[in-house]
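Subject: Structure handover and what turned up in it

Hi there,

Here is the structure I promised to pass on. Have a look at it first, and then read on for my notes.

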Amino acid sequence: MNIEILGITVLWVFLFGYIMIGAIDFGAGFFNAYSVLTGKQRILTNVIQRYLSPVWEVTNVFLVFFFVGIIGFFPKTAFYYGTTLLVPVSFGIILLAIRGSYYAFETYGARGHKGYSFAYGAAGLLLPASLSIVLTISEGGFVELVDGQPVLDYWKLFTSPLTWSIVVLSIAATLYISAAFLTWYANKAGDREATDLLRKYALIWALPTIITAGGIIFELRKHNPLHYENIQRFWPMFLLSFLLFLGTVFLIWKRRQYGAAFGMLAGQFVFAFFGYGASHYPYLLYPYLTIYDSFTNHAMAIALIIAFVFGLLLLIPSLYLLLRMFLFNKDYVKGKEDHHA
Amino acid sequence: MNEFLIFYAPFLVVIAGIVLSFFVVLKDDAVTRSEYKESEKTDV
Amino acid sequence: MDSVFYSRVLTELTLSFHIIYATIGVGVPLMIMLAQWVGIKKNDEHYILLARRWARGFVITVAVGVVTGTAIGLQLSLLWPNFMELAGNVIALPLFMETFAFFFEAIFLGIYLYTWDRFENQKKHFLLLIPVALGASFSAVFITIVNAFMNAPQGFNLVNNELINVNPLVAMFNPAMPTKVAHVVGTAYMTSAFLLAAIAAFRLLRGSNHIYHKKALYLTLKVGFIFSVSAALVGDLSGKYLAEYQPEKLAAAEWHFETEENAPLMLYGVLDDGEVKYAIKIPYALSILAHGSPTAEVIGLDQFPEEDTPPLYIHYLFDIMVTIGMTLLALSAIFWIGMWRKWSFVESRLFRWLIVISGPLVFISLEAGWWLAEVGRQPWILRNIMRTSEGATSSGQVPTMLVLFALLYLVLGIGSVVVLRRMFIRNPVEQEIADRQQVKGGDIQ
């Protein structure tokens, strides 16, 4: 386990944290807007609103951790990804800004009118799509060096089936993860009506998620044979992920142990995501960047890891405190204790 | 001396400012004096 | 290469907008803490309510601060990839720690806001503010360390474009760091104090003669005075740092062309082909600022090649920053003495209008100060190592992104002002005190 692998693994965990919490947050925003559209607002809004309140800032920080971390551990990525990702990531920032500010304006400020909650919901879907472009680009074939400067071929990116299958997977997975979590959360809050509606959404989005996931591996065969060869070596992880997926759907279908169902869902995505990550080794960007030639100097690597460990010692207890007081505090979930500022 | 001024003095100035603020804000009798005057006026 | 120009414009736009919310984000937690501290110590509900209402407004500015902070964090790599590739090797540590500091603040702010009445005594609730204030100030400290590194890079050796024996801690504790960090943190408290003072004065002028606003005004202007003095002192120390380590920045800011002894300080004035005219000349002041003795020699711009000197208009930025800073120091001093000696003048409508104007003024001097710092470092992005033009991206899409981000900041700016106004106009202090009386059985007047 050399230091480069330790570095990329740590960052991959942060990215995974962002994808899970972000998916729940984005999906919740979309369902909230969708319920306003379809008049089911009174069923969903108070459950979603109570879940969202103190947690949204936490989501954002996971993303900041990931990109500051990757610049710290792999500074060369700044050169390759910085130049090529200006447009997709800028769109991501703008969508994040709309969501983040809308959220604070809405909760603490005035009751926003419908238009803004639609923007919030729409941004919830566009964000996973625009951020997933980064994974597409990492598969290589879209970036080439023109007199020393990396240039992104937008047309090729836009017309590649791999791009669209990853975009569709990111949207389907966002809605699936979010619906499954909110079903559990609504159930804990004892809101029968919301639980049933969200359970329906979870089941609707389960199938597209697993189909598009399979589709990507198929697309990979044409697009990046090296990676396809690599990914086959990790077939046990993907099989396990699929079995967990079946378990989740079964439990939700049978309206039993929504908590366990979400636990298995998390397991499904852990195996799939880390299977994908491990098979991506050693490339950060096919064929230009591997984790070895872009790794930072030894002194900075050690300093970052020490800072990271101390940081986690600081953050895990405070995160636990936050979750214990809100998400998993019985009274808060039931809405009894809402001592708003 | 110059090294002290550039490297350590700035922190001392800000920390002193913070500590001083915690004491200084307690003395608000210049404002509350008029508050008691007002409430006495209304009681009488 | 116009992508360099547009990258600079987009970066400057993002920083100029972000700094407003970031400064409030660093300064206001201390003000909330001071208010709640007095409220508990003197058992005065008005101060507790002050802390509560400030915290409510603070959440909006934090939200915009977070999203614009994420924007500049990403734009560093998107617009300046070559710079970040080099800097990433040496100064990534404080960038990483800033994220932790903010995360720490965000978590406890969430808890603080949601547990107002959950503790029996206010003291426990007050303790929650400490991590918020610490996290806020330290995120400013770490980001300013990165900026200081750009002005005084050290802790590595560059041998034919290869980085060797990197020492992250030495890079962090560079000579520019102490004065910059103390000035940034100190002026964050000063800016927040005058902002809140301006709001209190405005409410008093708008006819609400409630004692609550008078207490807020007195508290904020006292703190404003203390940190105006700190800003001036640390400003002077910064002059000493510049003279020693970055003379070209001081010389450009002061239009100090020839290296000479007992150098005068020039305020304002006009440049007429190398000749300074109509400036207010304060004899020996530049030598005192730079080295603490009236006869000391101050290095002039004649020591530097033409292409290495910063743009000369930073002289006006320096003067605006110092003039406003000194005016606010005087204003808060007069108010404090006036309240102590019971001069009725300091509670007059005119004086209160001056306090209201000090709000926008303090932000103008904040922006002038940051533009001075950033433009004053030109033509370098990493002093004496990498020129700004070499650090910029080669991507051609920067202009379109500039338009998109400008629109975004417009929406965020207007949105936050509208929400903040509506939040406090619909719920003035008198009404909130009345509401609390029914809830708590009338224990506060």
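Let me start with one residue: C:Leu317 is buried, with a relative accessible area of 10% (buried means under 20% relative accessible area, exposed over 50% and partly exposed in between, using a 1.4 Å probe and protein chains only). C:Leu317 sits in helix H11 of chain C, residues 314-341 (helices are DSSP runs of H or I with at least four residues, strands are runs of E with at least two, and both are numbered from the N terminus). Leaving out residues up to four places away in sequence, C:Leu317 touches C:Ala368, C:Trp371 and C:Leu372 (a contact means heavy atoms within 4.5 Å). Between C:Leu317 and C:Glu367 there are 50 residues of separation along the chain, yet their C-alpha atoms are separated by 8.8 Å.

Before the rest, some housekeeping. This is a predicted model, in which local features need pLDDT of at least 70 and side-chain atom pairs count only at pLDDT 80 or more, while totals for chains, interfaces and linings use all residues. Residues are numbered from 1 along each chain as its sequence is written, chains are lettered from A and ligands numbered from 1 in the order in which they are written, and side-chain values use heavy atoms, with hydrogens and water left out.

Chain C as a whole

Chain C has 15 helices and 8 strands. Its radius of gyration is 23 Å, close to the 22 Å that the globule rule gives for 445 residues, so chain C is as compact as a globular protein of that length (the radius is taken over C-alpha atoms, and the rule is 2.2 Å times the number of residues to the power 0.38). Along the principal axes, the C-alpha trace of chain C spans about 75 × 45 × 40 Å.

Of the 445 residues in chain C, 62% are buried. If you take the contacts in chain C between residues at least 6 apart in sequence, 77% of them join residues at least 24 apart.

One backbone detail in chain C is C:Asn262, which has a positive phi near 30° although it is a residue other than glycine. C:Asn262 lies in the loop between helix H9 (247-253) and strand S3 (265-267) of chain C, and at 35% relative accessibility it counts as partly exposed.

How the chains meet

There are 2 pairs of chains that touch, and the most contacts are between chains A and C. Chain A and chain B do not touch, and their nearest C-alpha atoms are 23 Å apart.

A:Ala78 is in helix H4 of chain A, residues 76-84, and it is buried with a relative accessible area of 0%. Not counting residues up to four places away in sequence, A:Ala78 touches A:Ile71 and A:Thr83 as well as C:Ser77, C:Pro81, C:Met84 and C:Glu85.

Backbone details in chain A

Two cis peptide bonds are worth a look. The bond from A:Tyr281 to A:Pro282 is cis, with omega near -5°, and A:Pro282 lies in the loop between helix H12 (258-280) and strand S3 (283-285). The bond from A:Tyr286 to A:Pro287 is also cis, with omega near -20°, and A:Pro287 is in the loop between S3 and strand S4 (289-290).

A:Arg255 has a positive phi of about 55° without being a glycine. A:Arg255 is in the loop between helix H11 (235-253) and H12 of chain A, and at 46% relative accessibility it is partly exposed.

Chain B

Chain B comes to 3 helices and 0 strands. Buried residues make up 41% of its 44 residues, and chain B exposes about 2900 Å², of which carbon and sulfur atoms supply 73%.

An unreviewed UniProt entry lists residues 6-26 of chain B as "transmembrane region"; positions are in the numbering used here, feature names are shortened, and annotations may be inferred rather than shown by experiment. In the model, that span is 86% helix and 0% strand, with its end C-alpha atoms 32 Å apart.

Definitions and conventions. Areas by Shrake-Rupley, 256 points an atom, 1.4 Å probe, with all protein chains shown as cover.
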